[in-house]
Amino acid sequence: MTTKTVPGAWMKADTSDTDEMTINLLLVGRTQSGKSATGNSLLGSSDFDSHLSPRSVTTGCSLRGSCRIPGFTRRNGHELALRVHVLDTPGYPHSNLRKEKVQQAVRAALTQHFGDEGLHLALLVLRADLPLCEEETDHTIQLIQELLGPTWKNFTAVLFTHADKVEEAGLNGDEYLHIASETLLNLLSSIQQRYIFVDNQASTLQQERKIILRKIMAFIRQNSYQVLLVK
């Protein structure tokens, strides 16, 4: 795995004089963490299958892209539109697939879809309403390390789903983290405090989407727009 800054990521839109950027995102996490629902929130669609189930819903990798979001941000005095590519993956641990199968499937999909353009950010999806155990973290982080290589910490952020449960408990994000386990705090520290709380059930989902994407763009900007090349 190698990293590079890609000037070519800033492309001229085909339909106007406005510059356009495409960001490539990877969703990883355990079964029923809300990965697919999060993918739908990021895309502003219902492209990924997401429903309650006693078994793992996602059994293969799937890439989807958003519509063009005009005038999303500015850079060097120029207005930029945004497109979002999201790669959804099977959860791990998985009810039907061994770790090796999940790893092989994700690595193949990364190479196929982001092999040329690179990956901007991997989003580790965790449920805010469930405690994070050390053993679970070890399994998940090991999978990410094996997929992304030694620089995984520079290209990973945590995305907490079920943020509505945190609010129902009378907590805000800072208060939640104040009582969080040492395991979770160590994880967040290792990735430079890159985290986002998401309410996938929010009635103002489009507004929530813009907030999430702006935070993701801030992480990418802090990383100097580098991408992780997956070969």
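Helix H3 (134-148) gives the most to the lining of the largest cavity, with 3 residues. This is a predicted model, in which local features need pLDDT of at least 70, side-chain atom pairs count only at pLDDT 80 or more, and totals for chains, interfaces and linings use all residues. Residues are numbered from 1 along each chain as its sequence is written, and side-chain values use heavy atoms, with hydrogens and water left out.

**Cavity and pocket**

On a 1 Å grid over the protein atoms alone, a cavity is a set of points where a 1.4 Å probe fits but cannot get out, while a pocket is an open set with protein on both sides within 12 Å along at least five of seven lines; lining residues have an atom within 4 Å of a point. A volume is the space filled by probe spheres set on the points, which are joined across faces, edges and corners. Helices (H or I, at least four residues) and strands (E, at least two) are DSSP runs, numbered from the N terminus.

The structure holds 1 cavity of 30 Å³ or more. Besides H3, strand E3 (19-29) and helix H2 (99-114) each supply at least two residues of the largest cavity's lining. Among the lining residues are Val-28, Arg-30, Tyr-92, Val-106 and Leu-143.

The second largest pocket is lined by 19 residues, and the closest to its centre are Arg-127, Leu-130, Pro-131, Leu-132 and Tyr-176. Strand E7 (residues 121-127) gives the most to this lining, with 3 residues.

| Space | Volume | Lining by class |
|---|---|---|
| Largest cavity | about 70 Å³ | 7 nonpolar, 4 polar and 1 charged residues |
| Second largest pocket | about 290 Å³ | 12 nonpolar, 4 polar and 3 charged residues |

In these classes Ala, Val, Leu, Ile, Met, Phe, Trp, Tyr, Cys and Pro count as nonpolar, Asp, Glu, Lys and Arg as charged, and the others, Gly among them, as polar.

**Nonpolar cores**

A nonpolar core is a set of buried Ala, Val, Leu, Ile, Met, Phe, Trp, Tyr and Cys residues joined through side-chain atoms within 4.5 Å; buried means under 20% relative accessible area (1.4 Å probe, protein chains only). Of the 36 residues in the largest core, Leu-26, Leu-148, Phe-160 and Leu-184 touch the most other members. Elements giving two or more residues to this core include E3, H2, E7 and H3. A second, separate core of 26 residues includes Leu-43, Leu-123, Val-125 and Ile-212.

Key
Buried means under 20% relative accessible area, exposed over 50%, partly exposed in between (1.4 Å probe, protein chains only).
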